[in-house]
Structure formats: C-alpha cells, structure tokens
Amino acid sequence: MNLLEIKGLKSGYGKALILHDVSIEVEEGGFTAIIGPNGAGKTTLLRSVYGIADLYGGTVSFRGEDITKLSPASISMKGVNYVPQDNSIFSSLTVLENLRIGATVIAGKGRSIEERLDGIYIRFPRLKDRRNQLGGTLSGGERQMLAISCALMTDPDLILLDEPSAGLQPTLVQGLFEEIKRIYDEGKTILIVEQNAKMALEYARKGYVLEGGRIKLQDEAKKLLATDEVINHYLAV
Ligand SMILES: Nc1ncnc2c1ncn2[C@@H]1O[C@H](COP(=O)(O)OP(=O)(O)O)[C@@H](O)[C@H]1O
Ligand SMILES: [Mg+2]
C-alpha cells in the first residue's frame with residue numbers, strides 16, 4: 001500500500017509555478033529518495049506535501065486520505081513530519097527545549113513527552129549528555145541529529161527529510177545516513193530529497209530524479225545508480 005501518493009502536483013510560490021505535474025508514490029515502510037540539482041524543486045516538493053507551498057493542481061494523499069488542503073499542524077497530527085533544509089533548530093534554546101517544542105503538536109496523544117524523550121536519548125545518547133546545552137553550541141552533526149529528533153518527537157509514520165547532508169562535513173555524511181537507516185529499520189517510512197545522489201540512492205530502495213520541476217526518471221534506487229544519465233549527471237565528481 002502507498003502511504004503517500006502525490007498525483008499531478010502543480011505548485012510553487014505566488015505566481016511562480018515550480019513543480020509541473022509531479023507524481024510520486026511512497027510505499028508504507030519504504031525508503032524513497034528524490035535527487036536532483038540545486039533549484040530542481042526538491043524543497044518545494046516537500047513543502048507542498050507539508051502544506052507550506054501554494055498548490056495549483058493535483059492531489060496529495062496520505063493513507064488514502066486527501067491532505068492537499070490541510071495545515072502543517074493537521075498534517076503532523078495525521079502522522080507526517082518534516083525536517084527542513086539547513087539549520088532548523090532553535091540556537092538560543094537548549095536541546096531539551098528544542099525537543100519539547102518538537103512535540104507540541106501531538107501533546108496529549110499516544111506516548112507521554114517523557115517517554116518520547118527517553119526514546120530519543122536512547123537513540124542519541126549525545127543529545128542526553130547535552131540536553132541542557134544551547135542548540136547553537138552543538139556541532140553540525142549534532143544539530144542535524146537534534147533536528148531529526150525534533151521531528152521524531154511527534155512519533156510520525158512518514159518523515160520528510162530535506163537534504164540532511166547539506167552543510168555537513170563529508171566525514172559525517174555516512175554516519176548520518178546510517179542513523180536514517182536505523183530509523184527506517186525501526187519501521188518509519190522515509191522520503192528524502194538530496195543533492196548527494198550517491199549516498200541517497202545507496203540507502204534508498206526507490207528513487208526519482210527531479211529536474212526543472214519535473215520527474216525525469218524513476219526506478220529502484222539500485223537501478224538508478226547504474227543508469228547512464230544518473231552516472232553522468234549526478235555521480236561524476
Ligand atoms: N519562496 C519562494 N518564492 C519564489 N520562488 C522560490 C521560493 N523558494 C524557492 N523558489 C524557487 O523555486 C525553485 C526551486 O527551488 P527549490 O524547491 O528550493 O529547489 P531545490 O530544493 O531542488 O534546490 C528555484 O528556482 C527557486 O528560486
Ligand atoms: Mg532544497
């Protein structure tokens with residue numbers, strides 16, 4: 001079953017139409033990567049799913065329900081969360097305060113906040129050690145861990161990850177993808193957009209290539225990695 005289905009999506013900002021007829025299917029329990037160059041519309045795509053872009057056509061469905069017109073808060077309540085590109089945490093708040101804010105939207109539903117925090121601290125003991133430290137004092141890798149953890153605080157079924165490797169030291173990128181894989185192995189569905197095509201397609205099961213706001217290719221991630229167009233345009237350094 002598809003957890004997320006995007007059909008014929010047309011979206012953008014104001015008068016700027018960025019995505020043209022984009023259709024994407026994300027299987028429940030799957031790991032799907034969308035790769036593409038800077039400016040392709042990857043961020044716009046995730047924003048469209050999460051209710052923060054202007055939609056001009058098409059539909060976004062989650063568990064078969066049309067969520068096209070819902071607010072981000074309502075979409076979170078349904079079980080989707082979004083980790084924006086770049087530094088999305090609060091630098092002037094502590095790690096613990098960031099995590100508590102992450103859980104605001106689902107407060108009172110399911111597990112208690114304390115139980116969720118315990119889960120995060122087991123996953124990332126470093127965040128527990130630094131829970132009283134300000135977000136701004138964390139390293140790049142730790143900030144990304146915190147950003148992902150803030151999304152996990154809502155216990156989402158689907159996590160939208162916007163270029164988590166951007167701005168990270170190259171030596172930390174593999175470790176980050178291992179953490180994402182661990183989250184996936186625990187049963188979360190992952191939709192990631194990345195300029196780091198090699199890493200994203202190595203970890204994902206299914207891949208799409210987005211260029212100029214249109215889907216150019218789609219296949220099993222392993223097959224895309226072996227496709228000439230992907231090798232020549234996205235893997236050549
Ligand atoms: N808030 C905005 N208003 C108008 N145009 C935007 C806005 N954000 C992004 N764009 C434009 O949308 C296009 C796609 O951007 P984006 O989705 O960020 O691409 P990517 O994430 O693949 O780099 C770019 O041409 C960019 O300039
Ligand atoms: Mg982007």
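Reader: What is the source of the coordinates and the numbering?
Author: The model is predicted; local features need pLDDT of at least 70 and side-chain atom pairs count only at pLDDT 80 or more, while totals for chains, interfaces and linings use all residues. Residues are numbered from 1 along each chain as its sequence is written, and chains are lettered from A and ligands numbered from 1 in the order in which they are written.

Reader: How do you know which strands are the edges of the sheet?
Author: The open sheet has four strands in the order β2-β1-β4-β5, with antiparallel pairing. β2 and β5 each pair on one side only, and these are the edge strands. Within the sheet, β1 (residues 2–13) and β4 (residues 54–62) share seven bridges, and β4 and β5 (residues 65–66) share two. Ser61 stands opposite Glu5 and also opposite Asp66 in β5.

Reader: What lies between β4 and β5 in their hairpin?
Author: Two residues separate the strands, and Arg63 in the turn has a positive phi of about 50°.

Reader: Why are the buried residues of α4 said to line one face?
Author: In α4 (residues 113–123), Arg116, Leu117 and Ile120 are buried, that is, 20 or more other C-beta atoms lie within 10 Å of their own, with C-beta atoms placed from the backbone. Seen down the axis of α4, these buried residues fall within an arc of 100°, so they line one face of the helix. The arc is that of the directions from the helix axis to the C-beta atoms. On the other side, Glu114, Glu115 and Ile122 are exposed, the term for 12 or fewer such neighbours.

Reader: Which residues make up the shell around ligand 1, by class?
Author: The shell has four nonpolar, six polar and one charged residues. Its members include Tyr13, Ile18, Asn38 and Lys42. The largest share, three residues, comes from α1.

Definitions and conventions:
A residue is near a molecule or strand if its C-beta atom, placed from the backbone, lies within 6 Å of it. Ala, Val, Leu, Ile, Met, Phe, Trp, Tyr, Cys and Pro count as nonpolar, Asp, Glu, Lys and Arg as charged, and the others, Gly among them, as polar. Two strands pair if DSSP finds at least two bridges between them.
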